[in-house]
Amino acid sequence: MMLDVEITTGFTAYRQRVLNDVVIATGVCSRMAEFELSGDTGLRLGYRADGLIVATPTGSTAYSLSAGGPVVDPAANLIAVTPICPHTLSFRQMLFPDSTVLRIEVSMTSRSHASVSFDGQSKEALHRGDALIIRTSQYPVPSVSPDDSNINWFRSVRDGLHWNKATSSLI
């Protein structure tokens, strides 16, 4: 699956489609930022952190995993949200169904601006009051695998992360 992202500043200023992750971070500034996360499911959270990662199952084994996020099987249609160095113990990673529309806003009271990057490539500035609208794209990425893709995925995660090397003959 992929994500469609819109940056809004009162009007839609920028659109991007991503395969792996959307990273909102304070960047070179050492100050934490304040964000508001809401969803069409009634979710509404305010939080302080160095940033936030919104990942697809494909992107869950990249930066999101390094920040303490879950490893998500690509067959699971989920959106993973992982805070980067949250400044409270009550804000942890969350998983949402792919039907969820998320909105992340840089709080008007935030001490710092932020920036957003898409798949680790392009980067855009975010100012107080700017928001991201993130939803699952209607255009998935097709993939072809010569053998069972689920076994292939587990094998690549195990080999790439050096997990369970003593019993590697199980998969």
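**Strand pairing and aromatic rings**

Reader: Which residue in E5 is the bridge partner of isoleucine 24?
Author: This is a predicted model, in which local features need pLDDT of at least 70, side-chain atom pairs count only at pLDDT 80 or more, and totals for chains, interfaces and linings use all residues. Strand E3 (residues 21-25) pairs with E5 in the antiparallel sense over five bridges; two strands pair if DSSP finds at least two bridges between them. In E5, the partner of isoleucine 24 is leucine 52.

Reader: How many strands does the protein chain have?
Author: Helices (H or I, at least four residues) and strands (E, at least two) are DSSP runs, numbered from the N terminus. From that end, the elements run β-β-β-β-β-α-β-β-β-β-β-β-α. Besides its two helices, the chain has strands numbering eleven.

Reader: What is the positive phi of glycine 42 in the turn between E4 and E5?
Author: E4 and E5 pair in the antiparallel sense over six bridges, and the bridge partner of glutamate 34 in E5 is arginine 48. The two strands form a hairpin with four residues between them, and in its turn glycine 42 has a positive phi of about 100°.

Reader: Why is the pair of tyrosine 14 and phenylalanine 118 called stacked?
Author: A search of the whole structure finds three aromatic pairs. Rings of Phe, Tyr and Trp (its six-membered ring) pair if their centres lie within 6.5 Å; planes under 30 degrees apart count as stacked, over 60 as edge-to-face and the rest as tilted. The centres of these two rings are 5.7 Å apart, and the pair is stacked because the planes are at 25°.

Reader: Is phenylalanine 118 buried or exposed?
Author: Buried means under 20% relative accessible area, exposed over 50%, and partly exposed in between (1.4 Å probe, protein chains only). Tyrosine 14, at 23%, therefore counts as partly exposed. With a relative accessibility of 2%, phenylalanine 118 counts as buried.

Definitions and conventions: Residues are numbered from 1 along each chain as its sequence is written. Side-chain values use heavy atoms; hydrogens and water are left out.
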